[in-house]
Amino acid sequence: MNFQTILLNIKDRLCTVTINRPDKLNALNARCKSELKDVFTNLRTNPDVDVVIITGSGEKAFVAGTDIGELTTLNAQTGKEFAIGGQAIFDLIQHLGKPVIAAVNGYALGGGCELALACHIRIASENAKFGQPEVNLGIIPGYGGTQRLARLVGVGRAMEMILTGNQIDAQEALRIGLVNKVVPLAELSPTSEAIARTILSKGQLAIRMAIKAVNATMEVPLSEGLKIEAAIFGECCSTDDFKEGTQAFTEKRKAVFKGK
Ligand code: COA
């Protein structure tokens, strides 16, 4: 695959996706969104990849939002379609069936914050800044921000970020649970990769099923979520990985998972 706005690196079942428009702080233009869609559609079924890291090019920005230049001509109908199109890409990421780690290396504003929110784990560098500044442009977050941010950090904190448009720094993002960890910029890539490698050492069927079960918390009430958990738990119990994992424990050896 050959892209203009995205760099791909696949090594030992880990794919790093780098959004590569550093001169525009990696803002998501139409080309970039279309390429992101193609990349993640491929990664969904790519047998060589089990975990994905997504990051931005350069030392300043993860993604500084959707490309503002492309917003100006939107009307009621095209604006709705614009939001639905972006939501579909971020849904694809959330429901990829494989873990996606956001390595947030600077500004994560607007669509950048929403992209990080659609990922399963967020690691931030100390210089990262998060915000939903859409109200400054007379719009609201349209790529899932009003929904995912509130679910992750609570309605009150999401309201404050969305209504003020203020940015928060990495430490504040950590404090409110928007990110999992904050590290110096130089440590961002190795830390994200270490987490990816830990996940890669597990049975990938269980990993995929765990994502499916946890994702359900976004969609259904607790009683339904518990039913989904029990059903998926049952599915796990029918796998070779389950037999291997439990057997390896009793035999005091490291499990060798096959993803079956
Ligand atoms: N869309 C399009 N271009 C963007 C952009 C965006 N969301 N964010 C940054 N850029 C471009 C700038 O226009 C500038 O391009 P230029 O050099 O051709 O003029 C370049 O990226 C560098 O940005 P600049 O504003 O000069 O950097 P800065 O360090 O002074 O400020 C920000 C950084 C992130 C505070 C500022 O760029 C900004 O506010 N961006 C918009 C953020 C936003 O509102 N995102 C949500 C959109 S819905």
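Buried here means under 20% relative accessible area, and Thr 239 falls on that side of the cut-off because its relative accessible area is 9%. Keep in mind that this is a predicted model.

**The ligand and its shell**

- The ligand has 14 residues around it, and the closest of them are Lys 24, Lys 60, Ala 64, Thr 66 and Ile 68.
- Sorted by class, that shell comes out as 8 nonpolar, 1 polar and 5 charged residues.
- Lys 24 puts a polar side-chain atom 2.5 Å from an oxygen atom of the ligand.
- Asp 23 takes part through its backbone: one of its polar backbone atoms sits 3.5 Å from a ligand oxygen.
- Thr 66 also uses its backbone, with an N or O atom 3.0 Å from a nitrogen atom of the ligand.
- On its own the ligand would expose 860 Å², and the protein buries 59% of that.

- Four strands make up an open sheet with mixed pairing, and their order is 4-6-8-9.
- Strand 4 (61-63) and strand 9 (168-169) are the edge strands; each has a single partner, so one side of each has no neighbour in the sheet.
- Strand 8 (residues 129-131) and strand 9 run antiparallel and are joined by 2 bridges.
- Across that pairing, Lys 129 stands opposite Asp 169 of strand 9.

**Thr 239, between two helices**

- You'll find Thr 239 in the loop that links helix 9 (222-237) and helix 10 (240-250).
- Looking one way, its side chain reaches the backbone oxygen of Cys 236 at 2.7 Å.
- A polar atom of the Thr 239 side chain also lies 3.1 Å from the backbone nitrogen of Phe 242.
- Setting aside neighbours within four places in sequence, Thr 239 is in contact with Leu 205 and Lys 260.

**Ser 125, in a strand**

- Ser 125 belongs to strand 7, which covers residues 121-125.
- How accessible is Ser 125, buried or exposed? Ser 125 counts as buried because its relative accessibility is 0%.
- Beyond neighbours within four places in sequence, the contacts of Ser 125 include Val 104, Asn 105 and Gly 106.
- Further along the chain, Ser 125 is in contact with Ala 170, Val 182, Val 183, Leu 185 and Leu 188.

Note on methods
Residues are numbered from 1 along each chain as its sequence is written. This is a predicted model: local features need pLDDT of at least 70, side-chain atom pairs count only at pLDDT 80 or more; totals for chains, interfaces and linings use all residues. Side-chain values use heavy atoms; hydrogens and water are left out. Buried means under 20% relative accessible area, exposed over 50%, partly exposed in between (1.4 Å probe, protein chains only). Contact means heavy atoms within 4.5 Å. A polar contact is a pair of N or O atoms within 3.5 Å; within protein, one must be able to donate a hydrogen and the other to accept it, and residues adjacent in sequence count only if both atoms are side-chain atoms. A residue is near a molecule or strand if one of its heavy atoms lies within 4 Å of it. Accessible areas come from the Shrake-Rupley method with a 1.4 Å probe; for residues, only the protein chains shown count as cover. Ala, Val, Leu, Ile, Met, Phe, Trp, Tyr, Cys and Pro count as nonpolar, Asp, Glu, Lys and Arg as charged, and the others, Gly among them, as polar. Two strands pair if DSSP finds at least two bridges between them.
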